[in-house]
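Here's a quick briefing to read with the model open next to you. Take it topic by topic, and find each residue as you go.

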Amino acid sequence: MPGEGLLLNSMKHFFPIIREIIGLYRLPSVVEIGADKGETTMLLIYEKKKGNIGELIVIEPFPSERISAWSEGKEIDLRPTRSLEVLPRLPLKDVYIIDGDHNYYTVYHELKVIFGKNKTERKDIVIFCHDVCWPWDRRDMYYDPESIPVEHRHRYTTEMGVVLHDEGVVPGGFGGFPIAVRRGGPKNGVLTAIEDAISECDDYRFFKVEGIFGLGVIVPSWHRDFSKIEAVIAPFADNYLIRKLERNRVEIYLELLRVCHHVVKS
Ligand SMILES: C[S@@+](CC[C@H](N)C(=O)[O-])C[C@H]1O[C@@H](n2cnc3c(N)ncnc32)[C@H](O)[C@@H]1O
């Protein structure tokens, strides 16, 4: 993808928010789902070394050499498989950072497993989710389409991409990986999954920071530090300026992709 390095996309950019909320716990257990190059993992390891995290579990089906080395060095507890294979067998933890497979089926079931375990325990958990804004808010993308049951998988393309103001897919848009050919509708995208999972239990509140593809923060209404967490997120949540800047950077990036596509074709 041309100019990919230009586009901020890691959850590490939200780390000041994440760190402040983790700091409300004493030696919390943290689960990171989806580590990729380990950019956020590295910051979590640093917090663990400082004594601000007690347990750090990383779920990543395709661990890089760096992630594997951290696992061998016992800096992380690596589970080298998919989230839905690990989460049901894992006791409830304090903090979840969800940034694995960005599609309805995966995110909805990740949340249902966590909410289900917390039904009787009513632990003061917090869940951070990435990609709650365009483009994967209302559109599935699949790291490995074959891992999603066919009846839960939208028709997808790997050749075409997405642009703003188009519910379909176009040549030269943002893509190059398996994405649903249509945006919107039921059971499509990360935000839709979060809304559906929360609406089915009604015990959780949702905050949204609309920059860098969107950070969602899910907090149970009974959380002992609910108002402190709310205060940490308040300056960023539903912020007009952040929303406008995000739209602007996406527009500029899509224009770059459009021009590159045009040049390659001509
Ligand atoms: C967007 S990247 C994560 C980026 C990272 N969280 C960061 O902040 O820099 C998504 C990662 O999730 C992994 N992944 C894909 N499907 C997954 C699944 N079902 N469970 C856990 N991780 C998954 C991918 O291999 C990829 O490394």
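Let's start with Ile127: skipping its neighbours within four places in sequence, Ile127 is in contact (heavy atoms within 4.5 Å) with Tyr96, Ile98, Leu111, Ile114, Phe115, Gly216, Val217 and Ile218. Keep in mind that this is a predicted model, where local features need pLDDT of at least 70, side-chain atom pairs count only at pLDDT 80 or more, and totals for chains, interfaces and linings use all residues. Residues are numbered from 1 along each chain as its sequence is written, and side-chain values use heavy atoms, leaving out hydrogens and water.

**The nonpolar cores**

- Ile127 also turns up in the largest nonpolar core, which has 44 residues; Leu111, Ile127, Ile194 and Ile218 are the ones that touch the most other members.
- The elements that give two or more residues to this core are β1 (29-33), β2 (55-59), β4 (95-98), α5 (104-121), β5 (126-130), α6 (190-199) and α8.
- Apart from that core lies another one, of 34 residues, including Val58, Leu78, Phe207 and Ile229.
- What counts as a core here? It is a set of buried Ala, Val, Leu, Ile, Met, Phe, Trp, Tyr and Cys residues joined through side-chain atoms within 4.5 Å.
- "Buried" means under 20% relative accessible area, "exposed" means over 50%, and "partly exposed" is in between (1.4 Å probe, protein chains only).
- As background, nonpolar side chains in soluble globular proteins tend to be buried together.
- The helices (H or I, at least four residues) and strands (E, at least two) are DSSP runs, numbered from the N terminus.

**A nonpolar patch on the outside**

- Tyr240, Leu241 and Leu245 form a nonpolar patch on the surface, with about 360 Å² of accessible area together.
- Patches are built from residues with over 30% relative accessible area and no salt bridge; like charges are joined within 9 Å, and nonpolar side chains (Val, Leu, Ile, Met, Phe, Trp, Tyr) within 5 Å.
- The areas come from the Shrake-Rupley method with a 1.4 Å probe, and for residues only the protein chains shown count as cover.
- Leu245 sits in helix α8 (residues 240-265) and is exposed, at 53% relative accessible area.
- His262 lies in helix α8 too, and at 55% relative accessibility His262 counts as exposed.

**Around His223**

- Is His223 buried or exposed? His223 counts as buried, because its relative accessibility is 4%.
- You'll find His223 in the loop between β11 (215-220) and α7 (226-233).
- The side chains of His223 and Tyr25 are joined by a polar contact of 2.9 Å.
- The side chain of His223 also reaches the backbone nitrogen of Asp225, at 3.0 Å.
- A polar contact is a pair of N or O atoms within 3.5 Å; within protein, one must be able to donate a hydrogen and the other to accept it, and residues adjacent in sequence count only if both atoms are side-chain atoms.
- Beyond its neighbours within four places in sequence, His223 is in contact with Tyr25, Asp124, Ile125 and Ile229.

**Salt bridges**

- The count comes to 19 salt bridges, each being a side-chain nitrogen of Lys or Arg within 4 Å of a carboxyl oxygen of Asp or Glu.
- Asp225 pairs with Lys228 in one of them (3.7 Å, N to O); Asp225 is buried at 10% relative accessibility, whereas Lys228 is partly exposed at 49%.
- Salt bridges with shared partners join Asp124, Arg224, Asp225 and Lys228 into one network.
- Lys49 forms a salt bridge with Glu75, with the closest N and O atoms 3.0 Å apart.
- That pair links distant parts of the chain, 26 residues apart: Lys49 is in helix α2, and Glu75 is in the loop between α3 (65-72) and β3 (77-79).
- Lys37 and Asp36 also meet in a salt bridge (3.5 Å, N to O), and both residues are exposed.

- Most residues other than glycine have a negative phi, and most peptide bonds are trans.
- Asp36, in the loop between β1 and α2 (39-49), has a positive phi of about 50 degrees although it is not a glycine.
- Arg122, in the loop between α5 and β5, has a positive phi of about 45 degrees and is not a glycine either.
- Trp134 and Pro135 are joined by a cis peptide bond, with omega about 10 degrees; Pro135 lies in the loop between β5 and β6 (156-157).
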